[in-house]
Amino acid sequence: MTAAERRQAGMTVNAMDRFIDAIELAAAAFIGIVAIDIFVSVLLRYLFSASIPDSYDFGRLLLGILIFWGIAATSYRGGHITVDLVWAAAGPRGKRVIDVFATLVLLFVVTVQTAMLFDKVRATRADNVLTYDLHLPTWPFFAVAWAGDVCAVILIAVRTYRLIFHPEKLAPDPIAKALE
């Protein structure tokens with residue numbers, strides 16, 4: 001449930017819920033930017049035989065940003081693809097234990113990934129890696145992707161906390177339930 005949906009339902013909305021919604025909005029904005037980049041590049045290529053300078057570099061760098069912000073957006077809601085045969089067979093207490101364990105493993109993995117990505121940002125900046133046509137530095141793109149990964153760590157930590165202490169705040173997503 002988004003913060004706006006919680007307000008409409010008469011539920012309280014705290015700063016963390018607004019932060020979560022902001023991260024999801026940022027991820028959606030990056031999807032839009034990637035889509036516009038692809039659309040304009042194809043339009044220019046096929047209708048005008050022209051191209052955006054560094055279009056390929058921008059496309060791959062923006063796609064990297066989109067991936068890491070997408071991880072952040074799906075990590076809290078649990079909206080990613082899961083295989084839950086054991087979880088489905090477990091009782092309510094077993095399901096909660098599995099959820100907490102899986103979220104802790106995810107927190108560990110994404111935290112290590114975030115540390116490694118920061119090292120990549122640092123190395124890219126130190127090596128002065130530039131785009132091909134415009135010779136723009138690429139490290140800011142890596143830094144934005146890293147910020148998405150940092151947000152993923154924060155949201156997974158919040159999810160873990162809420163799973164353990166406030167499971168009622170993780171109300172099931174009605175759309176996901178309808179798809180099951």
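Are Asp17 and Arg162 buried or exposed? Both Asp17 and Arg162 are buried, where buried means under 20% relative accessible area, exposed over 50%, and partly exposed in between (1.4 Å probe, protein chains only).

The model is predicted: local features need pLDDT of at least 70, side-chain atom pairs count only at pLDDT 80 or more, and totals for chains, interfaces and linings use all residues. Residues are numbered from 1 along each chain as its sequence is written, and side-chain values use heavy atoms, with hydrogens and water left out.

## Overall fold

The secondary structure comes to 7 helices and 0 strands, taken as DSSP runs numbered from the N terminus (helices: H or I, at least four residues; strands: E, at least two). Along the sequence the pattern reads α-α-α-α-α-α-α. Of the 180 residues in the chain, 30% are buried.

Helix H2 (residues 15-48) and helix H3 (residues 55-77) pack at an angle of about 155°, with their axes 9 Å apart. That makes H2 roughly antiparallel to H3. The axes are lines fitted to C-alpha atoms, for helices over the stretch in contact, and angles run from 0 to 180 degrees between N-to-C directions. On that scale, angles under 35 degrees count as roughly parallel, over 145 as roughly antiparallel, 65 to 115 as roughly perpendicular and the rest as oblique. The crossing of H2 and H3 is left-handed, a label used if the near helix is turned anticlockwise from the far one by less than a right angle, with clockwise giving right-handed.

Helix H5 (residues 92-126) and helix H6 (residues 139-165) form the other pair. H5 and H6 pack at about 160°, with axes 9 Å apart, and are therefore roughly antiparallel to each other. The crossing of H5 and H6 is left-handed.

Asp54, in the loop between H2 and H3, has a positive phi of about 65° although it is not a glycine. Asp54 is buried, at a relative accessible area of 2%. In the loop between H5 and H6 lies Asn128, which has a positive phi of about 55° and is not a glycine either.

## Salt bridges

How many salt bridges does the structure hold? The structure holds 3 salt bridges, each defined as a side-chain nitrogen of Lys or Arg within 4 Å of a carboxyl oxygen of Asp or Glu.

| Asp17 | Arg162 | 3.1 Å |

In the salt bridge between Asp17 and Arg162, the closest N and O atoms are 3.1 Å apart. Asp17 lies in helix H2 and Arg162 in helix H6, so the pair ties together parts that are 145 residues apart in sequence.

Asp57 and Arg60 are both in helix H3, 3 residues apart, a separation of about one helical turn. Asp57 is buried, with a relative accessible area of 11%, whereas Arg60 is partly exposed at 40%.

Asp119 and Arg122 both lie in helix H5, again 3 residues apart and about one turn of the helix. Asp119 counts as partly exposed at 35% relative accessibility, and Arg122 is partly exposed at 48%.

Asp149 is found in helix H6. Its relative accessible area is 0%, so Asp149 is buried. Asp149 and Val110 are 39 residues apart in sequence, but their C-alpha atoms are 7.4 Å apart in space.

## Nonpolar surface patch

Which residues form a nonpolar patch on the surface? The patch consists of Ile36, Phe39, Val40, Leu43, Leu47 and Phe48, with about 610 Å² of accessible area together. Patches are made of residues with over 30% relative accessible area and no salt bridge, with like charges joined within 9 Å and nonpolar side chains (Val, Leu, Ile, Met, Phe, Trp, Tyr) within 5 Å. Accessible areas come from the Shrake-Rupley method with a 1.4 Å probe, and for residues only the protein chains shown count as cover. Phe39, one of the patch residues, lies in helix H2 and is exposed, with a relative accessible area of 55%.
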